[in-house]
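Subject: Structure handover

Hello,

Please find the structure below, with notes on what was found in it. Have it open while you read, and look up each part as it comes.

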Amino acid sequence: MKNRQLLMIPGPIEFEPAVMRAMGMPTTSHVSPEFIEVFGQALERTREMFLCPEGQPYILPGSGTLAMDSVAANLVEPGDRALAIDTGFFSHRYSEILKHYGGEVTNLSAPAIGDAPSLEAVEKELRTGGYKVMTAAHVDTSSGVCLDVKGLAALAQQHDVLFIVDGVCSLAAEELRMDEWGVDVALTASQKAVGTPPGLALIVAAPKAMQVFRQRKTPVHSYYADWNNWLPVMEAYEARTPGYFATPAVNLVWALNESLKIILSEGLYARWERHRRMSRALRAGIEAIGLKVVPARPELQAVTVTPPYYPEGVGPSLLDLVKEAGVIVAGGKLPEIKTKYFRIGHMGSVSETDVLGTIGAVEIGLTRAGYRYDVGAGVKASTKALAAG
Ligand code: PMP
């Protein structure tokens, strides 16, 4: 494995061997007793991972965008007012999806790139009244900005607004307590901290969201994403009987079930803490090198992705130099500053050696790019942070 490259982008991530073995095994029938059991377990474990004991889980063949689309298609009717909190590319995408289903969308943007609307600003907007739903990306992968979901959920409850959280770059890594905090719908995709190859959309809808769905006055304007088609299938598999609307992504479901087993046996709290430790150490290294990050304040920095600005005189060609040093990191995603920063993903099975290897490769790349600084300062700072626990 001398030419092995470490994948440190914000999804897809590197997957556990047990998960990849499940991907590679002979495909079973989607109605075989073995698969029925596995799908049933995966649904139960999904609900557990989302910390929503009464919630309805959906495991759909599709990516994170399908999860977003499906939630909007089922919960938004033409003319519904929606408040979309905008902290970057993916939260902006949500406002587009809401509009697609006839939502009257108000976009609440951050005051500046890397910042987030304050809870006061959100409350002021909610007080204008009439909102049915509010959407937010827990972590917007484009900016690395992490929102105060607990605070936002409290506001949503106060104003009786359905709160939909895009947890694609947060779930199973960033602390998210759906039931306790009062989040009505959370969604994610398989390829990030959930630790399964791309191709599954995961959603959990709390009872209030299911009630809103059941009380719709108009038909769902998507055939594939309609929960009327999927709900009986999810209920059937959880009751350990087969169901069919569209063929499940059989191997992906086997793989997801393996990954969920790993996640739940590590324990969600331990997993959140490990992500905090790894991101702290990586950031210590980035700061010691002298790089600034996109999130405006430390409390806005996600534990799953770190987006440093390139230093003076360095640009996107740094990514190739870092790759030559053995680590793959990602380019910028926010259109306004796309070529001014890069992104390091650190979620899932990320370890101490991954952090040190990544900081080391970034240092080699920067040095080769001609950036002058105290070479080794990043690795030293990350090492110290990791050693301190
Ligand atoms: N939301 C967020 C926060 C994301 O990071 C992504 C993907 N990077 C998406 C939504 C869309 O997911 P997908 O690419 O799987 O459709």
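I start with helix H6 (residues 149-158), whose buried residues are Val149, Gly151, Leu152, Ala153, Leu155 and Ala156. Buried means under 20% relative accessible area, exposed means over 50%, and partly exposed is in between, with a 1.4 Å probe and protein chains only. Helices (H or I, at least four residues) and strands (E, at least two) are DSSP runs, numbered from the N terminus. An α-helix has 3.6 residues a turn, so residues three or four places apart point the same way. The buried residues of H6 pack against E3, helix H5 (119-126), E5, E8 and helix H7 (178-181); contact here means heavy atoms within 4.5 Å.

Two notes on the source. This is a predicted model, in which local features need pLDDT of at least 70 and side-chain atom pairs count only at pLDDT 80 or more, while totals for chains, interfaces and linings use all residues. Residues are numbered from 1 along each chain as its sequence is written, and side-chain values use heavy atoms, with hydrogens and water left out.

Backbone angles

Just after H6 comes Asp160, in the loop between H6 and E8. Asp160 is not a glycine, yet its phi is positive, at about 55 degrees. Most residues other than glycine have a negative phi, and most peptide bonds are trans. Is Asp160 buried or exposed? Its relative accessibility is 57%, so Asp160 counts as exposed.

Ala172 also deserves a look: it is not a glycine and has a positive phi of about 75 degrees. Ala172 sits in the loop between E8 and H7, and it counts as buried because its relative accessibility is 2%.

There is also a cis peptide bond, between Gly11 and Pro12, with omega at about -5 degrees. Pro12 belongs to the loop between strand E1 (6-7) and helix H1 (17-24).

The sheet

Seven strands form an open sheet with mixed pairing, in the order E2-E10-E9-E8-E5-E3-E4. Two strands pair if DSSP finds at least two bridges between them. At the edges are strand E2 (56-61) and strand E4 (104-109), each of which pairs on one side only. On average, neighbouring strands of this sheet are turned by 15 degrees against each other, direction ignored. Axes are lines fitted to C-alpha atoms, for helices over the stretch in contact, and angles run from 0 to 180 degrees between N-to-C directions.

E2 and strand E10 (residues 200-205) run antiparallel and are joined by six bridges. Gln56 has Ala205 as its bridge partner in E10.

Which strands does helix H3 (residues 64-75) lie across? They are E2, strand E5 (131-137), strand E8 (162-166), strand E9 (185-189) and E10, and H3 runs at about 155 degrees to E9. Helix H4 (residues 89-100) also packs on the sheet, where it touches strand E3 (81-86), E4, E5, E8 and E9. The direction of H4 makes about 165 degrees with that of E3.

The ligand

The residues around the ligand are Ser63, Gly64, Thr65, Met68, Phe90, Val139, Thr141, Asp166, Val168, Gln191 and Lys192; a residue is listed if one of its heavy atoms lies within 4 Å of the ligand. H3 supplies the largest share of this shell, three residues.

- Ser63: an N or O atom of its side chain is 2.6 Å from an oxygen atom of the ligand.
- Asp166: a polar side-chain atom is 2.6 Å from a nitrogen atom of the ligand.
- Lys192: a polar side-chain atom is 2.8 Å from a nitrogen atom of the ligand.

On its own the ligand has 390 Å² of accessible area, of which the protein covers 87%. Such areas come from the Shrake-Rupley method with a 1.4 Å probe; for residues, only the protein chains shown count as cover.

Gln191, one of the residues around the ligand, is in the loop between E9 and E10. With 14% relative accessibility, Gln191 counts as buried. Leaving out residues up to four places away in sequence, Gln191 touches Gly11, Pro12, Ile13, Phe15, Thr196, Pro197 and Pro198.

Regards

Technical notes: A polar contact is a pair of N or O atoms within 3.5 Å; within protein, one must be able to donate a hydrogen and the other to accept it, and residues adjacent in sequence count only if both atoms are side-chain atoms.
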